[in-house]
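Have the structure open as you read.

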Amino acid sequence: MKEEKHLKVSAIKNGTVIDHIPAGSLFKVVEILALNRCKSQLTLGNNLESKLLGAKAIIKVADRFFADDEMNRIALVAPQAKFNIIKDYEVMEKRMVELPDTIVGIAKCMNPMCVTNHQPIPTKFSVVSKKDVLLQCCYCDKITDQEHLIILKSG
Ligand code: CTP
Ligand code: ZN
């Protein structure tokens, strides 16, 4: 069919295309990058076909470029995400995300007794494993693994 040759989500002139997001993580990425508050043209695609991920999501943000630490914040939910920097319709650069050594906010400590679950203080973790995602709480030392990972809503 003719339509199949078209891009599923239209191209942008300048900005950032975040590709290879697992389908289930689209709205978490939106949350982590606070794109709900973004005033630029924003295009979201979800449940798109992907050879790599089965089903993927994509985010296109016009006229917006992200700092390394912002990009790396999404590694928890989209470890294979690629940031494509677009200038005048061309892909100028591709950046892979990398889980940082410490994570402030974003995730919830799985220890119900942890002070961060009772006081209004941001969570803080040391990343003890980047491969399997193991986060050690800096307040209670408890490890939160991928299976128990809950992403907090941003303020
Ligand atoms: N893209 C876009 N607007 C442009 C250029 C590219 O929205 N002006 C999008 C493409 O649709 C694609 C992503 O940016 O989703 C990366 O583009 P490109 O590198 O051309 O695609 P691929 O080679 O498929 O990327 P990869 O190998 O990283 O999967
Ligand atoms: Zn804790």
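Two strands count as paired if DSSP finds at least two bridges between them. Strands are DSSP runs of E with at least two residues, numbered from the N terminus. This is a predicted model, in which local features need pLDDT of at least 70. Residues are numbered from 1 along each chain as its sequence is written.

Which order do the four strands of the open sheet take? The order is E6-E7-E8-E9, and the pairing is antiparallel. At the edges stand strand E6 (102-104) and strand E9 (143-145), each of which pairs on one side only. From one strand to the next, the twist averages 30°; axes here are lines fitted to C-alpha atoms, and angles run from 0 to 180 degrees between N-to-C directions. Within this sheet, Ile103 stands opposite Phe125 in E7.

Another open sheet has five strands, ordered E2-E3-E1-E4-E5 with antiparallel pairing. Strand E2 (42-50) and strand E5 (90-96) each have a single partner strand, so one side of each lacks a neighbour in the sheet. Neighbouring strands here are turned by 20° against each other on average, with direction ignored. In this sheet, Gly15 has Ile86 in E4 as its bridge partner.

| Strand pair | Residues stated | Sense | Bridges |
|---|---|---|---|
| E6 and E7 | E7: residues 124-129 | antiparallel | three bridges |
| E1 and E4 | E1: residues 15-22; E4: residues 82-87 | antiparallel | five bridges |

Note on methods
Chains are lettered from A and ligands numbered from 1 in the order in which they are written. This is a predicted model: local features need pLDDT of at least 70, side-chain atom pairs count only at pLDDT 80 or more; totals for chains, interfaces and linings use all residues. Side-chain values use heavy atoms; hydrogens and water are left out.
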